[in-house]
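Cut-offs are given where each term comes up.

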Amino acid sequence: MTRQKIQLGEQLILCQPDESLLDALLREQIDISHSCRQGVCQSCLLRSLDSPPSTAAQHGLKDGLKKQNYFLACLCYPQKAMRIAYSHHAEFITHGTVSAMQTLNAETLLLTLDLDEALDYYAGQFVNLQRNDGLMRSYSIANNRIHSKQLSFHIRRLAGGRFSGWAHEELRLGDRLAVSEPQGLCYYLPDKPESPLLLIGTGSGLAPLAGIINEALHQGHTGDIYLYHGSRDLNGLYWVEEMQALAEAHSNFHYRPCISSGEPPEHLFSGRANEVAFSQLPDLKGWRVYLCGHPDMVNNTKRQAFLKGASLSDIYADAFHVASNSLN
């Protein structure tokens, strides 16, 4: 296999065999919006200016975009030379004004946006947020569906993160952000209110899980709901008191905060969140499982949940990919 020539404006990029176009662009330090790297968030949307892209590179796109030769850089493995351009597709459907900002812990910011228009979404989905200069990142919605004109997000500061660093240091009340249409398949389904739910998250993976839990309780879910939220140490946890209060108010909600390093204080559990969960819940037949956080945790836990009886169709996963220091 040979390297393929990719022309982006005046720039020429050589894409290596078995290298995605997204990886080739990032390797050349070309600033392209990206997030999930799995074709879900559609942040890395580009357009082919000559021949149609491969079917695989257009997976999940709407027919109108496919016909215009739009494709996803993360799913594109070029087999021939291409001329490409940045996407000008208007995926942003509303704007939001920053109405509240709260520090949850040393690395996580609770950001609240008041939207210009009500948004139809499912608790647990994510949206793309874009600032005025075009920099865009994906963040999970942390509240349930009753807040159709207000969204909250947990913005974790990453080392070298352009968007997350800016949000923590420069974003102010009253600032404006563009908001995309909701995306993602990791959300609460109200069709089986009696089914037990297992939710496992690490770090800011608590954001979509909190939305799912609040939506389930709002919908009158009767099955048991178990949340295992993990961090390396106590400083990485947040919303502990809020989740404990929610558990006291709802007898079917059970909260298990976990730390994997050091001796946990009273009411916390020692060990990784997934390990603690499986030690307490060894049989997951008939359960619905939601996994959010670090990709390694999500992928390993998905396999473990299946081996413990959960159906693959009842396992919903949202891995938070951090592939470079400029991702978030």
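N69 is buried, at a relative accessible area of 16%. Buried means under 20% relative accessible area, exposed over 50%, and partly exposed in between, with a 1.4 Å probe and protein chains only. N69 sits in the loop between α2 (63-67) and β4. Its phi is positive, about 70 degrees, although N69 is not a glycine. Most residues other than glycine have a negative phi. D18 also has a positive phi, near 65 degrees, and is not a glycine. D18 lies in the loop between β2 and α1. It is exposed, with a relative accessible area of 66%.

Basis of the values: this is a predicted model, where local features need pLDDT of at least 70, side-chain atom pairs count only at pLDDT 80 or more, and totals for chains, interfaces and linings use all residues. Residues are numbered from 1 along each chain as its sequence is written, and side-chain values use heavy atoms, leaving out hydrogens and water.

## E19 in its loop

E19 is in the loop between β2 (11-15) and α1 (21-27). Helices (H or I, at least four residues) and strands (E, at least two) are DSSP runs, numbered from the N terminus. E19 is buried, at 14% relative accessible area. Its side chain reaches the backbone nitrogen of Q16 at 2.8 Å.

Which residues does E19 touch, not counting those up to four places away in sequence? They are L14, A24, R27, C76, Y77 and P78. Contact means heavy atoms within 4.5 Å.

## Cysteines

The whole structure holds zero disulfides. A disulfide is a pair of cysteine sulfur atoms within 2.5 Å. For C15, the closest cysteine sulfur is in C76, 7.2 Å away, so a bond is ruled out by distance. C15 is buried at 1% relative accessibility. C76 is buried at 3%.

## Strand pairing

Strands β3 (residues 45-48) and β4 (residues 70-72) run antiparallel, joined by three bridges. Two strands pair if DSSP finds at least two bridges between them. L45 stands opposite L72 in β4. β3 also pairs with β5 (residues 82-86), antiparallel, over three bridges. There, R47 has A85 as its bridge partner.

An open sheet of six strands pairs in parallel, in the order β15-β14-β13-β12-β16-β17. Its edge strands, β15 (269-270) and β17 (315-319), each pair on one side only. β14 and β15 share two bridges. I259 has S270 in β15 as its bridge partner. α5 lies across β13 and β14, at about 155 degrees to β14. Axes are lines fitted to C-alpha atoms, for helices over the stretch in contact, with angles from 0 to 180 degrees between N-to-C directions.

## Nonpolar cores

The largest nonpolar core has 28 residues; L199, I213, I225, L227, W239, F253 and Y290 touch the most other members. A nonpolar core is a set of buried Ala, Val, Leu, Ile, Met, Phe, Trp, Tyr and Cys residues joined through side-chain atoms within 4.5 Å. Two or more residues each come from β12 (197-202), α4 (206-218), β13 (225-231), α5 (240-249), β14 (253-259) and β16 (288-293). α4 gives the most, seven residues.

I213 touches L199, I225, L227, L246 and F253, not counting residues up to four places away in sequence. Another core lies apart, with 24 residues, among them L21, I30, L72 and C74.

How values were computed. A polar contact is a pair of N or O atoms within 3.5 Å; within protein, one must be able to donate a hydrogen and the other to accept it, and residues adjacent in sequence count only if both atoms are side-chain atoms.
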